[in-house]
Amino acid sequence: MKNSVLITSMAYLDDGFISEAAPTATAPMKRLRCRLAMKWMSVAAGFCAMLLLSWHVVIPYVRNPAFPDNSPVTLPHAPSGTSSDAPAVNLPDIPKYDHALYTAEDIGNLLSGYNKLDSFATSSYTKIYVPHEDYLRIAKIPDDEYITTYERKIDGEALSTKEFTAFTDQMLESVSAALGIVRLGYQVEQEKATSFSEASLRAVFNADAERESGYFFSSWQYGQSNTFSFFSSSKSSGRIILRDVPVEIDQTKTDAEIIASLEEIKHILFGMFGAEFESVKIIRDYGDYSEHGVEFMYVYFYNAADDPLNAYSGTPLSDYICLSFDNFENFSGDIVSDKILYNVSIRYHQCRTDDVYTPTKQVRKISVEEAERLLYNGYVFGGHSCPLCMSMQDKVNFEGYAFVGLTYVCGIPFYEFYKKIGTSRNGNLIYAKTNVPAVEVSGYEEYFESQREAHQGLVYADTQ
């Protein structure tokens with residue numbers, strides 16, 4: 001029962017979210033991971049990520065040559081480079097808002113986060129590793145005076161065994177033909193809703209038959225989506241060949257070159273899943289340990305215009321096909337490459353509802369200068385990682401931050417501030433990233449003081 005609940009929750013998560021949330025991203029744990037576990041997500045990452053499932057983090061995507069409008073924004077008043085981590089002597093005044101639609105407590109409850117205030121410096125941030133600043137995940141700040149807030153739909157369509165069976169049968173028929181294997185049978189099981197996951201239907205395949213075919217399959221239905229995915233077993237060294245065309249990419253190429261190289265595979269995928277898309281997005285995830293370039297690389301085929309928040313989301317919020325390449329050395333002798341990546345899993349995500357997020361309000365967007373005053377006072381909502389892990393990080397003074405962009409978290413717009421804090425053991429740049437609401441919020445002092453008192457209480461209890 002526990003395993004099925006965990007797998008249900010994992011299947012519902014974004015790729016980018018998992019890669020940021022996973023405690024296994026730390027160096028000691030990286031050496032212990034195995035490929036199969038990472039294919040279905042690690043237990044620890046699943047636990048941390050499931051704590052945040054209720055608010056569904058929306059992550060901005062990687063800047064790349066194929067999407068020039070997503071270039072990082074460097075502000076003249078925000079000098080690049082690092083500065084001393086010593087707290088500032090005189091902190092700027094905190095902005096006061098008389099007509100704010102949200103309180104800091106509202107934001108904190110929405111995120112279910114854990115924020116620690118300590119004067120100017122903060123431990124509430126996420127570490128980002130990139131070989132160059134061009135690969136930072138920064139989305140452009142709109143020029144409009146007002147900005148839209150959104151609300152996530154909680155309830156989707158009712159679960160339908162008939163619909164799910166038709167979806168899974170269609171996927172199995174076309175995917176098996178493309179792979180050149182005998183179609184596998186399955187049974188439909190229903191998973192009840194828990195505090196960590198929503199109710200769902202899943203296809204249970206015969207494990208022996210899967211091993212014999214050389215591929216592992218997954219099919220799920222949730223209130224808002226149907227998903228089907230597959231990857232190859234170790235007997236085929238992680239390779240997937242569709243209609244005699246290998247699914248592989250060259251990570252040393254530009255995004256535009258990679259997209260061009262996948263033209264034939266793209267049309268095979270469209271025919272296989274019965275869906276066509278106009279947009280392509282590539283996300284490269286780097287770390288502090290690997291000597292082989294990207295650790296994970298994702299290629300999404302989707303329609304950017306199908307959801308207004310797709311521009312700020314790593315994983316599209318509308319229908320998509322995803323190629324997920326694993327290039328992390330989980331164990332000695334694992335499949336990794338400095339150039340050609342072919343250890344891939346493929347997923348098709350089909351929405352059952354029109355919009356995951358619906359627009360609710362048009363509110364005044366605060367200026368970057370106002371957000372800086374909040375940033376410098378430590379009034380931040382630090383990121384997507386396990387909050388307990390964040391509380392143990394070294395504090396970072398964000399004065400002299402390098403970049404600022406915009407993201408959406410739980411449908412609320414936030415400014416994202418990036419500060420370069422060092423270089424990792426493999427030469428990648430390390431940036432600290434933290435968030436400040438981009439709309440008027442009241443009650444900062446009261447909320448963060450309560451958070452500090454709560455944290456001090458936990459520390460005191462821990463020492464008893």
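Me: Two strands pair if DSSP finds at least two bridges between them. How many bridges join β2 and β19 in this predicted model?

Reply: Strands of a sheet pair through backbone hydrogen bonds, either parallel or antiparallel. Here β2 and β19 are joined by five bridges in the antiparallel sense. Within this pairing, Lys-127 faces Ala-432 of β19.

Me: In what order do the strands of the open sheet stand?

Reply: The order is β2-β19-β18-β17, four strands with antiparallel pairing. Because β2 (126-130) and β17 (403-409) each have a single partner strand, they form the edges, and one side of each has no neighbour in the sheet. From one strand to the next, the twist averages 35°.

Me: Over how many bridges do β18 and β19 pair?

Reply: Strand β18 (residues 412-423) meets strand β19 (residues 429-437) over nine bridges, again antiparallel. One example is Tyr-415, whose bridge partner in β19 is Val-436.

Me: Which strands does helix α11 lie across?

Reply: Helix α11 (residues 368-376) lies across β17, β18 and β19, and its direction makes an angle of about 60° with β18.

Me: Is β2 mostly covered or mostly uncovered?

Reply: A residue is called buried when its relative accessible area is under 20%. By that criterion, four of the five residues of β2 are buried, and the strand is mostly covered.

Me: How far apart are the end C-alpha atoms of helix α7?

Reply: They are 26 Å apart, which agrees with the 27 Å that 19 residues (161-179) should span at 1.5 Å a residue. The buried residues of α7 include Phe-164, Phe-167 and Met-171. Just after the helix, Gly-180 adopts a positive phi of about 75°.

How values were computed
Residues are numbered from 1 along each chain as its sequence is written. This is a predicted model: local features need pLDDT of at least 70, side-chain atom pairs count only at pLDDT 80 or more; totals for chains, interfaces and linings use all residues. Side-chain values use heavy atoms; hydrogens and water are left out. Helices (H or I, at least four residues) and strands (E, at least two) are DSSP runs, numbered from the N terminus. Axes are lines fitted to C-alpha atoms, for helices over the stretch in contact, and angles run from 0 to 180 degrees between N-to-C directions. Contact means heavy atoms within 4.5 Å. Buried means under 20% relative accessible area, exposed over 50%, partly exposed in between (1.4 Å probe, protein chains only). The expected span of a helix is 1.5 Å times one less than its number of residues.
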